[in-house]
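This report describes selected elements of the chain shown below, moving from annotated spans to a sheet, helix pairs and single residues.

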Amino acid sequence: MARTMQWLVAAASVAQVLASPHGLVRRQNSLPIENCPGYKATNVQQTSQGLTADLTLAGPACNTYGQDIETLKLEITQETGNRLHVQIYDADENVYQVPESVLPRPGADGNVSSTTSQLVFKIVNDPFSFAVSRRSGGEALFNTTGAELVFQSQYLRLRTQLPENPNLYGLGEHSDPFQLNTTNYTRTLWSRDAYSVPGGTNLYGNHPVYFDHRGADGTHGVFLLNSNGMDIKINNTAETGQYLEYNTIGGIVDLYFLAGPSPTEVSKQYAEVVGLPAEMPYWGFGFHQCRYGYRDVYEVAAVVANYSTAKIPLEVMWTDIDYMDSRHVFTTDPERFPLEKMRELVSTLHARQQSYIVMVDPAVAYYNYSAFNNGVEANAFLKRSNGSIYQGVVWPGVTAFPDWFANGTQEYWNNEFTTFFNADTGVDIDALWIDMNEASNFCTWPCSDPFGYAAANGYPPTPPAVRADAGYPIPGFPADFQPSSGGRKVKRQSSNTTSHLGLPGRNLIDPPYTINNAAGSLSNRTIDTDLYHENGLAMYDTHNLYGTMMSSVSRDAMLARRPTRRPMVITRSTFAGAGHHVGHWLGDNVAGWPWYRVSIAQMLEFAAIFQLPMVGSDVCGYAGNTWPELCARWATLGAFYPFYRNHAEVGSVNHEFYRWNLTTVAAQRAIDTRYRLLDYLYTAFHEQTVSGKPLIQPLFFVYPEDSNTFPIEHQFFWGDSILVSPVVDDNSTSVTFYLPDDIFYDYFTYEPERGTGNWVTRNNVDFTEITAHIRGGSIIPLRQNSANTTTELRKQDFVLIIAPDLEGKAEGTLYLDEGDAIEQPQTSLITFSYANGTFSMGGSFGYPTDANVVSLTVLGQGSNMTTPAHKRDSSVVVDAKRQMITKKLSVPLTESFVTPLCQECEA
């Protein structure tokens with residue numbers, strides 16, 4: 001009955017829209033888009049914080065990709081001194097808009113006026129166009145003059161002029177160059193299962209925001225809040241000049257302009273719109289290991305043991321879908337991953353100060369078992385128009401898909417998590433991995449026979465043969481994980497929205513305008529786009545939100561089972577604002593140098609622009625067979641990803657770091673470097689969760705007026721202070737890197753290196769090494785020693801490395817907390833400064849720690865190595881060869897401290 005009423009309401013809505021004088025212009029013969037008349041602005045009203053106007057179609061409708069909407073509304077709001085919000089929407093407000101439940105909108109500062117903000121908005125009434133410029137200097141940032149606005153039932157076009165050869169970044173997810181191509185270039189946004197992350201195509205997620213960097217003239221950002229499929233075209237022709245053009249298949253114009261003027265400020269302002277990133281647990285920054293294809297719980301345990309034997313720290317062990325019974329979510333394979341053994345695996349890991357993560361996919365097997373039956377009872381699955389549950393095909397075979405907008409879905413998902421992942425009776429995971437949430441559907445559209453397709457293509461796949469034990473000892477694990485003469489008995493486990501719903505009468509499968517979706521039609525290899533959610537929204541409009549909605553619902557489900565602990569969720573498909581809930585791994589890459597290289601640019605996109613800093617690529621490559629030199633090089637690079645995980649595909653060569661001598665050494669060195677720097681990383685990450693200041697920064701963020709930095713995509717700043725310059729050429733031991741006009745210090749040797757704004761080549765970089773520099777002006781907190789787990793690491797003392805700038809000054813920070821709780825009762829934010837030879841430590845000291853600062857080292861002290869003052873002070877150690885001075889001490893990190901460290905040190 002409820003379903004019938006829903007469709008009666010929808011039918012009434014159709015009739016109302018068609019009868020409305022402000023609704024759709026009735027279908028006529030369509031005309032080319034160039035013939036569209038645009039709009040005329042009337043009833044223009046100034047407000048205290050902006051402007052409103054009515055927009056009316058300025059001539060005969062062209063109806064190119066749907067029916068022109070005759071009357072629109074324009075609203076401009078100066079929300080803050082550096083943020084301008086522009087909306088153009090249908091007068092009747094029937095056109096779909098991104099729900100606030102998915103992405104809450106920021107509020108406006110009531111004290112800001114249109115006469116004091118950094119951005120100025122101007123409109124031309126007839127034909128309607130608008131421009132956004134800087135108040136200071138008057139430079140145009142966005143100008144739609146010359147291309148008429150097109151607003152149709154299934155198409156929206158908005159074009160802005162751009163300066164010649166612009167420096168544009170963003171518009172992801174993509175694996176194209178970090179600095180976007182500006183000629184004949186199209187970025188398509190439509191989530192898809194993008195195996196091998198091919199360039200020039202739409203990938204897993206959607207982030208319709210770009211940064212426009214203009215050097216000394218500043219940086220600004222433009223965010224289009226629209227979840228419909230779209231092509232964003234960037235081109236430069238003799239007829240049009242340089243432009244950027246949005247072509248969407250629905251939604252409204254909902255633009256946020258961010259004034260900057262620095263790249264870092266734009267990033268922080270974007271975080272104010274989409275939400276600050278979620279805090280992650282300290283242990284989550286350790287090293288993670290996974291593989292699709294671990295045959296049973298014994299192999300998982302053996303991998304853990306082998307890392308210990310190889311003396312490679314392993315913080316977190318993962319298991320892919322192998323653990324499931326026939327790939328059914330919320331089950332364990334009773335023969336290969338029996339529940340009692342899984343619980344023993346997890347308890348052993350926890351006793352070893354390690355953590356455990358498994359995968360959960362959105363697709364629930366269409367099968368008589370608890371997770372499916374509970375979902376049916378909760379009315380939690382997507383349905384067809386006849387009320388039957390929609391069926392696709394994924395790993396378990398025929399599947400149902402949760403409707404994340406349905407009223408009962410959150411409670412259903414919470415119950416599955418609290419039951420299956422119960423700490424006392426289930427698999428007590430520490431964090432969550434989400435895959436396939438674009439959503440992926442193996443069955444090609446129209447998938448008229450999902451059962452036949454699943455059977456013909458082998459879903460679920462045949463599991464490996466059962467074995468009673470590993471056949472070899474597994475050090476560090478209980479007796480029943482070891483070989484025995486007896487077999488093992490197997491016990492099988494039992495198995496409301498009212499507006500902005502979208503215009504009626506649309507073709508939700510094959511819209512008139514075809515975006516450049518690499519998967520083909522909109523519904524191919526995903527959920528059918530003509531399905532409606534329980535609240536009346538169409539999948540056509542919400543497809544790009546599916547992954548992020550699953551992420552936020554799953555985060556809440558993790559909170560339901562562990563309300564006080566930070567939920568770490570790593571997901572594949574994302575939308576703008578996803579970083580407020582989750583982290584992201586960069587998908588199913590390939591073992592090859594091109595994927596190694598592009599991972600750097602992708603990391604820069606997500607961490608610096610999309611505000612999703614918990615990001616990393618599958619180290620050594622997911623698909624295909626890696627080899628020692630690539631894997632070793634990738635181990636050193638991966639140690640500088642925020643999220644550091646080795647992962648491989650079933651059927652590919654095993655590439656855990658201990659498999660080869662070369663990768664063993666590379667991993668030992670890389671993890672030692674990472675772990676000693678882990679508090680530096682944790683501090684920078686925390687800062688991004690508080691202010692939006694990016695943890696990972698492109699070089700132009702730090703040197704915004706140095707044009708040589710604008711296209712650099714293979715170097716990056718890790719935090720404010722460490723410049724990472726990995727070898728990127730195939731099988732090479734040489735790296736050519738850029739050093740801006742500044743003072744730097746080699747991170748590993750501490751040798752000063754004066755940058756001159758030129759490229760530097762370094763040879764003989766071993767496959768187990770990486771090039772990194774400390775930027776002058778920095779104080780780096782390092783743990784004195786690394787450790788096998790982050791729990792032990794937190795017990796280590798600190799040493800401080802002081803790298804003076806050209807004026808002999810330096811500063812740094814250190815954030816300390818308990819590392820895992822959502823609410824931190826006691827924290828420390830400690831500041832370090834160095835000037836005129838004196839070191840000072842201040843800030844707040846709320847966190848009780850036994851760790852001390854045991855040494856201070858000042859770099860770059862070439863001519864002061866043998867002064868009498870140093871000889872008199874037994875606590876000072878002089879290293880003339882490395883041009884540095886070290887003072888030994890024992891200072892608690894619980895109070896302020898000042899010491900005249902080096903009165904004669906060089907400026």
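## Annotated spans, sheet and helix packing

In residues 692–780, the end C-alpha atoms lie 21 Å apart, and the span is 4% helix and 38% strand, where helices (H or I, at least four residues) and strands (E, at least two) are DSSP runs numbered from the N terminus. The UniProt record, in an unreviewed entry, places the feature "domain: Glycosyl hydrolase family 31 C-terminal" at these residues, 692–780; UniProt positions are given in the numbering used here, feature names are shortened, and annotations may be inferred rather than shown by experiment. The model is predicted, so that local features need pLDDT of at least 70 and side-chain atom pairs count only at pLDDT 80 or more, while totals for chains, interfaces and linings use all residues. Residues are numbered from 1 along each chain as its sequence is written, and side-chain values use heavy atoms, with hydrogens and water left out.

Eight strands form an open sheet in the order 1-2-3-4-16-13-12-10, with antiparallel pairing; two strands pair if DSSP finds at least two bridges between them. Strand 1 (39–47) and strand 10 (167–172) each have a single partner strand and stand at the edges, so one side of each is left without a neighbour in the sheet. From one strand to the next, the twist averages 15 degrees. Within the sheet, strand 3 (residues 71–80) runs antiparallel to strand 4 (residues 83–90) and is joined to it by eight bridges, and Leu 72 stands opposite Asp 90 in strand 4.

Helix 2 (residues 263–274) lies across strand 4, strand 12 (207–213), strand 13 (219–224) and strand 16 (253–258), and runs at about 25 degrees to strand 13. Helix 10 (residues 593–609) also packs on the sheet, where it touches strand 10 and strand 12, its direction making about 90 degrees with that of strand 12. Here axes are lines fitted to C-alpha atoms, for helices over the stretch in contact, and angles run from 0 to 180 degrees between N-to-C directions.

| Helix pair | Angle | Axis separation |
|---|---|---|
| Helix 3 (residues 297–309) and helix 4 (residues 339–351) | about 10 degrees | 10 Å apart |
| Helix 10 and helix 11 (residues 628–638) | roughly 5 degrees | within 11 Å |

Helix 3 is therefore roughly parallel to helix 4, a term that covers angles under 35 degrees. Val 297, Tyr 298, Val 300, Ala 301 and Val 304 in helix 3 meet Lys 341, Met 342, Leu 345 and Leu 349 in helix 4, contact meaning heavy atoms within 4.5 Å.

Helix 10 and helix 11 are likewise roughly parallel to each other. Their contact involves Trp 593, Trp 595, Tyr 596, Ser 599 and Ile 600 of helix 10, together with Glu 629, Leu 630, Arg 633, Trp 634 and Leu 637 of helix 11.

Conventions. Parallel < 35°, antiparallel > 145°, perpendicular 65-115°, else oblique.
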